[in-house]
Amino acid sequence: MDPVKNTLNNILSIVDKEKNTFDEPTVEGGTMGVAIFYYFCHQYFKDDQYLYKAEEMVEKSINLLSAISEQKEFVPKYTGDSLSNVIASFGKGLLFIENKFNYDYDFSSYYEVIGETLQTLLDEDIKRKDYDFFSGALSSAYFFLNKLYYSNGNDKFSAKNLEKIYENSKKASVHHNENEIYWIAPSYLDQIYLGLSHGSAMMINFWSKLYQFNIINPENKQELQWLNKAVNFVFERKRDYVDGYFPHKAFSTETVEKTQLSMCYGDLGVIYSLFNANKTLKNINYQETIDKMLHTTSLRQQEPLLTYDTGILYGASGIGYIFEYFSNEKGQKAYENTINYWNNQILTYKTPDNDFVYGFKDDKNESAKYSFAWGISGMGIRIMQSQSSQLPSVNELLLIGI
């Protein structure tokens with residue numbers, strides 16, 4: 001049997017069997033991600049059974065969120081979980097479904113409640129100086145970014161909240177010297193991360209989106225200095241080791257060695273953020289370095305301890321998405337070989353004991369391995385997209401954002 005068809009059939013069988021294990025309404029790890037998976041199946045297979053399953057999971061997501069809203073206290077599964085992330089993720093899922101597929105849905109009544117709730121939670125995140133994508137202010141930020149995106153920039157409420165996050169994120173930055181700034185991660189023992197997950201690259205990426213949507217005026221040289229200082233800090237931490245240009249944390253005693261290769265951690269997310277920031281900064285020297293790092297990183301291959309699995313956050317699917325973005329930016333064929341390599345890894349990935357890896361396995365969350373971000377639902381979407389250019393991009397649902 002065709003390996004693509006065989007893998008998709010296996011994924012469908014497993015998700016159908018395990019979909020009731022999901023107990024949270026998020027895209028990344030919950031029922032909203034499964035709903036989106038089924039919508040992709042409906043588009044790909046042209047079979048209405050998947051539409052019914054998708055709508056069933058949306059309804060379950062709404063019920064789960066209602067149950068959470070009635071709880072006296074939100075209990076996170078992980079250190080980095082937050083109520084704002086759960087609500088924002090649910091909202092991003094609704095926005096995606098309504099705007100990226102040709103179904104007659106109108107979820108506008110939900111968006112108003114979501115926006116007002118996130119605005120309240122945002123004040124708490126800002127007070128804690130927590131700007132993390134999962135635990136802090138960037139959870140709400142990416143809902144507001146997506147809302148602004150789908151309204152073609154005509155959403156004053158979202159724009160106002162994004163401006164608020166930006167201004168306060170500047171105040172929360174730590175000035176290492178007159179040319180460099182960074183942030184600490186309050187939910188992670190005040191450590192100083194560099195990457196797209198929890199660190200400087202995460203904030204640089206967010207600020208770059210604000211320039212993209214003209215929330216920040218690129219002609220304002222005073223504002224550009226803030227972005228430049230954040231980028232300077234990351235570049236000053238760069239090493240000459242091609243398989244690990246950047247340590248995970250600043251001011252650490254990490255050994256110079258190969259580092260993780262994934263969307264969530266490692267060089268690739270950092271390079272992605274620097275690449276987009278430099279669209280605004282237009283620093284020729286930085287661009288040369290970015291291009292060199294991107295080229296050598298595109299030549300890296302799968303290693304079990306560095307690319308954990310086949311999923312989006314830690315695995316082959318996420319790497320494929322980022323190189324697909326770079327290929328579109330630099331020319332359609334620029335990283336074709338790299339994209340094909342990582343797409344193929346999704347179908348052939350093996351653990352040392354030769355078991356097929358269907359995604360991230362987590363004892364704390366049994367459904368993680370079936371989910372959008374960590375597991376086989378996201379992996380299945382990636383496979384379908386690699387086979388059909390007519391299917392929509394999922395970038396706005398990923399860590400990299402729109």
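Visitor: Which residues does Ser200 touch, not counting residues up to four places away in sequence?
Guide: This is a predicted model, and Ser200 is placed in helix α8, residues 200-212. Leaving out residues up to four places away in sequence, the residues that Ser200 touches are Tyr182, Trp183, Tyr193, Leu194, Gly195, Phe233 and Val234.

Visitor: Is Ser200 buried or exposed?
Guide: The relative accessible area of Ser200 is 0%. Buried means under 20%. Ser200 is therefore buried.

Visitor: At what angle do helix α6 and helix α7 pack?
Guide: Helix α6 covers residues 137-150 and helix α7 residues 156-172. Their axes are 9 Å apart, and α6 passes α7 in a left-handed crossing. The packing angle of α6 and α7 is about 145°.

Visitor: How many nonpolar, polar and charged residues are in the contact of α6 with α7?
Guide: From α6, the contact takes in Ala137, Leu138, Ala141, Phe144, Leu145, Lys147 and Leu148. These meet Phe157, Ser158, Ala159, Asn161, Leu162 and Ile165 in α7. By class, the contact of α6 with α7 has ten nonpolar, two polar and one charged residues.

Visitor: What is phi of Asn152, and where does Asn152 lie?
Guide: Most residues other than glycine have a negative phi. Asn152 is in the loop between α6 and α7, and is exposed, with a relative accessible area of 69%. Its phi is positive, near 55°.

Visitor: How many charged residues does the contact of α9 with α10 have?
Guide: Nine residues in the contact of α9 with α10 are nonpolar and two are polar. The number of charged residues in the contact of α9 with α10 is none.

Visitor: Why does the span of helix α13 agree with its number of residues?
Guide: Helix α13 (residues 336-348) has 13 residues. The expected span is 1.5 Å times one less than the number of residues, so α13 should span 18 Å.

Visitor: Which helices do the buried residues of α13 pack against?
Guide: The buried residues of α13 are Thr338, Ile339, Trp342, Asn343, Gln345, Ile346 and Leu347. They pack against α1 (3-18), α11 (284-298), α12 (316-330) and α14 (376-387).

Visitor: Is the aromatic pair of Phe101 and Tyr103 stacked, edge-to-face or tilted?
Guide: The count of aromatic pairs comes to 37. In the pair of Phe101 and Tyr103, the rings are 5.8 Å centre to centre, with 50° between the planes. Under 30 degrees counts as stacked and over 60 as edge-to-face, so the pair of Phe101 and Tyr103 is tilted.

How values were computed
Residues numbered from 1 in each chain as written. Predicted model: local features only at pLDDT ≥ 70, side-chain atom pairs only at ≥ 80, totals over all residues. Heavy atoms only, no water. Helix = DSSP H or I, 4+ residues; strand = E, 2+ residues; numbered from the N terminus. Buried < 20%, exposed > 50% of the residue type's maximum accessible area, 1.4 Å probe, protein only. Contact = heavy atoms within 4.5 Å. Axes fitted to C-alpha atoms, helices over the stretch in contact; angles between N-to-C directions. Left-handed = near helix turned anticlockwise from the far one by under 90°. Nonpolar A, V, L, I, M, F, W, Y, C, P; charged D, E, K, R; others polar. Phe/Tyr/Trp six-rings, centres within 6.5 Å; stacked < 30°, edge-to-face > 60°.
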